[in-house]
Amino acid sequence: QGPEGKLLSCEDAHAPNTFSGFGMVAVVTVDLSEGVGAGLASAAGTGVLAGGQTVYASPEHLYVAAPEWIDWAALEQESDGTPPQVSQGTDIHRFAIDDPGRATYELSGHVDGTLLNQFAMDEHDGYLRVATTTGSPWVEGQGESESHVVVLAPGDGALTEVGRVSGLGRGESIHSVRFMGDVGYVVTFE
């Protein structure tokens with residue numbers, strides 16, 4: 001066990017424009033040129049006050065996505081006592097990783113719906129493409145499900161939607177996604 005150190009300093013802890021929960025996603029770069037003995041003492045970290053669930057990396061960027069934070073206690077139940085209907089979205093946080101010495105938090109964005117896995121994100125020509133499903137094919141009252149491919153780019157201090165294709169697989173959900181160059185393949189199933 002090597003020397004101890006902090007994951008990141010206070011000035012390297014960021015908050016996205018939209019509240020994203022009480023967790024901290026920390027991205028730590030560890031210099032292994034001296035071996036693993038230096039441990040965290042050689043680390044350079046950055047972070048964002050948010051949750052993290054799905055990770056995708058391109059050569060220049062690391063993207064961490066998580067379901068948007070919802071204050072369930074603040075939502076009111078329906079008049080018949082059923083839980084409130086909530087349309088869940090996904091928050092996405094981007095870190096620059098092109099500097100081998102340290103990662104840097106850049107910005108965050110939001111898309112409607114949920115991601116299947118890391119293959120539902122892809123960076124191409126500076127744009128992030130994201131495949132999501134909204135609604136639910138299984139839960140009544142959640143609206144008819146459909147899938148989307150949303151294109152995001154940096155703008156106004158956030159990852160901002162610049163393009164979209166919607167209405168894919170109505171009544172179904174995404175079971176597989178692959179992006180290859182200019183083409184994206186989205187497989188939906190009931």
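User: Which residues have the most contacts inside the largest nonpolar core?

Analyst: This is a predicted model, where local features need pLDDT of at least 70, side-chain atom pairs count only at pLDDT 80 or more, and totals for chains, interfaces and linings use all residues. Residues are numbered from 1 along each chain as its sequence is written, and side-chain values use heavy atoms, with hydrogens and water left out. A nonpolar core is a set of buried Ala, Val, Leu, Ile, Met, Phe, Trp, Tyr and Cys residues joined through side-chain atoms within 4.5 Å. The largest one has 19 residues, and those with the most contacts inside it are Tyr 63, Ile 92, Met 121, Leu 128, Val 130, Ala 131 and Leu 152.

User: Which elements give two or more residues to this core?

Analyst: Strands are DSSP runs (E, at least two residues), numbered from the N terminus; helices are H or I runs of at least four residues. The contributors are strand 5 (61-67), strand 7 (104-112), strand 9 (127-134), strand 10 and strand 12 (173-180).

User: Which residues does the second, separate core include?

Analyst: This core has nine residues. Among them are Val 27, Leu 62, Val 64 and Phe 95.

User: Is His 61 buried or exposed?

Analyst: His 61 lies in strand 5. Buried means under 20% relative accessible area, exposed over 50%, and partly exposed in between (1.4 Å probe, protein chains only). The relative accessible area of His 61 is 13%, so His 61 is buried.

User: Which side chain makes a polar contact of 2.7 Å with that of His 61?

Analyst: A polar contact is a pair of N or O atoms within 3.5 Å; within protein, one must be able to donate a hydrogen and the other to accept it, and residues adjacent in sequence count only if both atoms are side-chain atoms. Not counting residues up to four places away in sequence, His 61 touches residues including Tyr 56, Arg 94 and Glu 123 (contact: heavy atoms within 4.5 Å). The 2.7 Å partner is Glu 123.

User: What backbone oxygen does the side chain of Thr 132 reach?

Analyst: Thr 132 is found in strand 9. Thr 132 is buried, because its relative accessible area is 0%. Its side chain reaches, at 2.9 Å, the backbone oxygen of Asp 112.

User: How many bridges join strand 10 to strand 11?

Analyst: Two strands pair if DSSP finds at least two bridges between them. Strand 10 and strand 11 (residues 158-168) run antiparallel. Leu 152 stands opposite Glu 161 in strand 11. The number of bridges is eight.

User: Which residue in the turn of this hairpin has a positive phi?

Analyst: Strand 10 and strand 11 form the hairpin, with two residues between them. The positive phi is about 55° and belongs to Asp 156.

User: What is the relative accessibility of Ala 153?

Analyst: Ala 153 sits in strand 10 (residues 146-155). Leaving aside neighbours within four places in sequence, Ala 153 is in contact with Tyr 127, Ala 158, Leu 159, Thr 160 and Val 162. Ala 153 counts as buried because its relative accessibility is 10%.

User: Which strand has the highest mean pLDDT?

Analyst: pLDDT is the predictor's confidence in each residue, from 0 to 100. The chain mean is 86, and 83% of residues reach 70 or more. Strand 3 (residues 43-48) has the lowest mean among the elements, at 84. The highest, 98, belongs to strand 8.

User: How many strands does the protein chain have?

Analyst: The pattern along the sequence is β-β-β-β-β-β-β-β-β-β-β-β-β. There are zero helices, and the strands come to 13.
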